[in-house]
Amino acid sequence: MTHTLTLTRPDDWHLHLRDGAMMDGVLPHSAAHFGRAIIMPNLVPPVRTAADAAAYRARILAALPKGAGFTPLMTLYLTETTEAEDVAAAAAAGLVTAVKLYPAGATTNSQSGVSNFDTVMPVLERMAEIGLPLCVHGEVTDPAVDIFDREAVFIARILAPLRARLPELRVVLEHVTTSDGVDYVKSAQAGLAATITTHHLMINRNHMLVGGIRPHYYCLPIVKRASHMEALRKAATSGDARFFLGTDSAPHVDATKECGCGCAGVFSAPNTLACLAHVFEEMGALERLEGFTSLNGPAFYRLAPNSAKITLQKQDEPVPYPARIETGAGPVTVFDPGHPLFWQVVGG
Ligand code: DOR
Ligand code: ZN
């Protein structure tokens, strides 16, 4: 039985760091284990322009613990007034790695997102020309569509027509949560990949709703039925390079989750790698963990894998992870997979 695993240092291809005191509190947890992360731009106000991204990157670098081997990969928040020239210049300068599409109203701080997709076609066409990936929050916002169907309907109504119209555009279907999404990604010829979160590999809607409502499992896209979780677990552990890790670790202080109208987001940065090793071991696929965490993402983003390594060790006794962390903004609950974890990052 394998008790030690040495992996190329992982990257997180979808991460919320926030800003200010919250960022100071959460950033060390990602920087401890990850070499790079795609930084989500849904601040208030959003990271819309190259200048915004440069300023945010500087704040992240200033907040990093000394000696951290962590590089933030910046994104721009696509709005209906985003200028193609600004995006192209930011990409040419190496300042941004992707552009993020939020359908307006789909999730946390998405009010400035896109309602009319025709308005953003000039930007998307330019991105297709220069090979800059679009990271997509794939949910429709039509109030008539059931929340559990919003990903599948987005693929049919928005994503498939968009990709037919602009096949050269490189797209990441972020935090895929359904077998429909997995099948859609697998059916694509090229230029399409998907991130999968840690929590969507470990919880389904029963975990969130049976025996009481668990607000710390509430996220968007919402966790689906168990058969969808199984499809995600198969995709992540299959070795198919179109699937890679994007934790979507999304901190909110406990008071804003444990209330009458709680925020969406699961904070998994501290124990994500322990969780993933657990899942891959359960699936008999520990040898494919490195592809998912460290190789498939860089390949899609046309970057070299990290040269550093990280070591995980399986302990005989459960490894204690904190139930919550304290930040200057308030306490933030850490993702609880609902069972003990035995893997621990011991070096790297
Ligand atoms: O659960 C989520 N939280 N999903 C998102 O799309 C946004 C994120 C956040 O920013 O809190
Ligand atoms: Zn997110």
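Reader: Are His16 and Asp248 buried or exposed?
Author: His16 is buried, and Asp248 is buried as well. Please keep in mind that the model is a predicted one.

Reader: What is the relative accessible area of Asp248, and why does it count as buried?
Author: The relative accessible area of Asp248 is 7%. A residue is called buried when this value is under 20%, so Asp248 belongs in that class.

Reader: Which residues are the protein donors of the zinc ion?
Author: There are His14 and His16, each through its NE2 atom, and Asp248 through OD. These donors lie 2.1 Å from the zinc ion, which is ligand 2.

Reader: How are the donor residues of the zinc ion spaced in sequence?
Author: The spacing is H-x1-H-x231-D. The pair of His16 and Asp248 therefore links distant parts of the chain, 232 residues apart. His16 belongs to the loop between strand 2 (11-15) and helix 1 (20-33), whereas Asp248 belongs to the loop between strand 9 (243-245) and helix 9 (254-257).

Reader: And what about the phi of Asp248?
Author: Phi is about 55° there, a positive value, although Asp248 is not a glycine. In general, most residues other than glycine have a negative phi.

Reader: Which other residue has a positive phi near 60°?
Author: That is Arg302, which is also a residue other than glycine. Arg302 sits in the loop between helix 11 (289-301) and strand 10 (309-314).

Reader: Is Arg302 buried or exposed?
Author: Arg302 is exposed, because its relative accessible area is 60% and the cut-off for exposed is over 50%.

Reader: Changing topic to ligand 1: which residues come nearest?
Author: Ligand 1 has 13 residues around it, and Arg18, Asn42, Thr107, Leu220 and His252 come nearest.

Reader: Which side chain has an N or O atom 2.8 Å from an oxygen atom of ligand 1?
Author: That is the side chain of Arg18. The side chain of His16, one of the zinc donors, also has an N or O atom 3.4 Å from an oxygen atom of ligand 1. On the backbone side, a polar atom of Leu220 lies 2.7 Å from a nitrogen atom of the ligand.

Reader: How much of the accessible area of ligand 1 does the protein cover?
Author: The protein covers 99% of the 290 Å² that ligand 1 has on its own.

Reader: You mentioned His252. Where is it?
Author: His252 is in the loop between strand 9 and helix 9, where Asp248 is also found. His252 counts as buried because its relative accessibility is 10%.

Reader: What joins the side chains of His252 and Arg18?
Author: A polar contact of 3.2 Å joins them. A polar atom of the His252 side chain also lies 2.7 Å from the backbone oxygen of Ala264. Leaving aside neighbours within four places in sequence, the residues in contact with His252 include Met22, Thr108, Lys257 and Pro331.

Reader: Which residue does a cis peptide bond join to Leu220?
Author: Leu220 is joined in this way to Pro221, with omega at about -5°. Pro221 lies in the loop between helix 7 (205-209) and helix 8. Another cis peptide bond joins Val44 and Pro45, where omega is about -5°; Pro45 is in the loop between strand 3 (36-39) and helix 2 (50-63). As a rule, most peptide bonds are trans.

Reader: How many residues has the largest nonpolar core?
Author: The largest nonpolar core has 97 residues, and Leu124 and Leu134 have the most contacts inside it. Helix 10 (residues 272-282) gives the most to this core, namely seven residues.

Reader: What does Leu134 touch?
Author: Not counting residues up to four places away in sequence, Leu134 touches Leu78, Val99, Leu101, Leu124, Met127, Leu162, Leu169, Arg170, Val171 and Val172. Another core, of 13 residues, lies apart from the largest one, and Ile38, Ala98, Ala193 and Phe244 are among its residues.

Reader: Finally, what is the place of Leu232?
Author: Leu232 is in helix 8 (residues 226-237). Leu232 is buried, with a relative accessible area of 1%.

How values were computed. Residues numbered from 1 in each chain as written. Chains lettered and ligands numbered in written order. Predicted model: local features only at pLDDT ≥ 70, side-chain atom pairs only at ≥ 80, totals over all residues. Heavy atoms only, no water. Donors = N, O, S within 2.8 Å, 3.2 Å for Na, K, Ca; no water. Helix = DSSP H or I, 4+ residues; strand = E, 2+ residues; numbered from the N terminus. Buried < 20%, exposed > 50% of the residue type's maximum accessible area, 1.4 Å probe, protein only. Core = buried A, V, L, I, M, F, W, Y, C linked by side-chain atoms within 4.5 Å. Contact = heavy atoms within 4.5 Å. Near = heavy atom within 4 Å. Polar contact = N/O pair within 3.5 Å; in protein donor to acceptor, adjacent residues only side chain to side chain. Areas by Shrake-Rupley, 256 points an atom, 1.4 Å probe, with all protein chains shown as cover.
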